[in-house]
Amino acid sequence: MVQKRLAAVTSRTRRRLAYGGWRGSVRLEELEKREQGGKIFRVRLRDIKQGIALHQTRTDTLKKLSEKNNRKKENKLLCVGRKKASLPWITEETFSICISVCSGCGRGGMIVNSLSLCYHNKLILAPMVRVGTLPMRLLALDYGADIVYCEELIDLKMLQCKRVVNEVLSTVDFVAPDDRVVFRTCKREQNRVVFQMGTSDAERALAVARLVENDVAGIDVNMGCPKEYSTKGGMGAALLSDPDKIEKILSTLVKGTCRPVTCKIRILPSLEDTLNLVKRIERTGIAAIAVHGRKREERPQHPVSCDVIKAIADALSIPVIANGGSHDHIQQYLDIEDFRQATAASSVMVARAAMWNPSIFLKEGLRPLEEVMQKYIRYAVQYDNHYTNTKYCLCQMLREQLESPQGRLLHAAQSSQEIWRAYPPQITPKMCLLEWCRREKLAQPVYETVQRPLDRLFCSVVTVAEQKYQSTLWDKSKKLAEQAAAIVCLRSQGLPEGRLGEESPSLYKRKREAPDQDPGSPRAQEPALSGELCKKPFVDLASGEETPLEGR
């Protein structure tokens, strides 16, 4: 059983199109051809509204769904497979459940339930090289983006990577042979991140899609980047001159992966050629198409062709995502809707305006840049982002402020510590401990948290250099418990805790021992307990005084 509420997916009835799940809209006469190994899927309209889809694997029959609420409308069946039926349209007022069968995804005959990513009426962070890494994607989600694209990653590079579950950072990493992390993602963005690849070969593209499909919400092929590093290998905008290769790549991906497939293109010199190309792309079965309204040779200073995007949106039945409006059209949140209406697109993809200030997605308006940058730095520290990438993204946010004193410090920074001096974030004890461990070349701290069933309070133990540290205080949340354990460790080592006003010329330099503090004392370094109440004296983290645990 899969239960999930999603935004609606619509399908236009003109040209007798029916909704075909993650494959996009298909013609009614094609439904009979999609037997998908003889499996038949039926979903009651009521169950779609409830966000529930039931499926049965390896059988040609399906158990009857609940007999409740036998109203006429709700008893209509969606039938995709052998039998052709009248399909009730799924509107914006309905939750969309898309059941799909994919021979490539359901290897060995397994039927795979795929929840389709909706591209209708969405705010989307565009794929941007060196910008679309995990900290920026999470920041965009915080400020209201619905979907986020990663930066373009080349297929040959990804095929060298190994998928690694990073339990310390709670991420999934795709690591190159030289131990460099090529792509990092986390659970929070799993249902909203689209993986964009650069490719010129259908088989390599499918191999990459299968490598990442369990960790992302969608697969996208870059067909619009005009830069040499992308086009010299026949990728990016170079594909626009080879429609046959485009069709082969997209068709292979649509048939071979269980995630929705999209592509991002630029417009061609003539409107007729552009429309012919996008119609051919639509026939491959992709879920949506993003259109940058400029030609291959045009740059941001050239005006975006809203009329061409509008013509594409009118010609296609799949969602069209408008892109390219940052320079002329999008300066604040309300401008995004104006750009969408000017292009008649289903959704809007924002690139440079989001790079300059990711809070462009916020309905309440842009947040102060310093606040945005500090939040970005916190994500960069939390997910161990390389300082060169962090520095690059912060410089893009500063723009004309790079000549300010803080901007010059940032531009000259050669490490994460120097970036922090220029723009100190709100430091937490966990961040202090993590960075100290990295500086001392120790393994990253490992937190083990237990919950006491009696009052549902939490206590955490942190392991650093094979030593365990624990606060005797039980906290209301897991996060607070982990911070408390980090404070105990930091105090035992005589390190700063990140408190406001705390004198620390460098976050990572060890402080001298206070005369009255013994780092090895039981107060600072407590033995780890397993979920039972500890009644030893507790060091009050605010005052440093011993207080009994009872009554706190």
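Which residues have the most contacts inside the largest nonpolar core?

## Before we start

This is a predicted model, where local features need pLDDT of at least 70, side-chain atom pairs count only at pLDDT 80 or more, and totals for chains, interfaces and linings use all residues. Residues are numbered from 1 along each chain as its sequence is written, and side-chain values use heavy atoms, leaving out hydrogens and water.

## The core

They are M158, F195, I289 and L433, in a core of 129 residues. A nonpolar core here is a set of buried Ala, Val, Leu, Ile, Met, Phe, Trp, Tyr and Cys residues joined through side-chain atoms within 4.5 Å; buried means under 20% relative accessible area (1.4 Å probe, protein chains only).

Take I289: leaving aside residues up to four places away in sequence, it touches C263, I265, V278, I281, L316, I318, P319, V320 and I321. Touching means heavy atoms within 4.5 Å.

## Two helices side by side

Helices are DSSP runs (H or I, at least four residues) numbered from the N terminus. Helix α7 (residues 243-256) packs against helix α8 (residues 271-282) at an angle of about 25 degrees, so the two are roughly parallel, a label for angles under 35 degrees between N-to-C directions. On the α7 side, P243, D244, I246, E247 and L250 meet L277, R280 and I281 of α8.

## A buried aspartate

D155 sits in helix α4 (residues 155-158). D155 is buried, with a relative accessible area of 1%, and among the residues touching D155 are G198, T199 and R204.

Definitions and conventions: Buried means under 20% relative accessible area, exposed over 50%, partly exposed in between (1.4 Å probe, protein chains only). Axes are lines fitted to C-alpha atoms, for helices over the stretch in contact, and angles run from 0 to 180 degrees between N-to-C directions. Angles under 35 degrees count as roughly parallel, over 145 as roughly antiparallel, 65 to 115 as roughly perpendicular and the rest as oblique.
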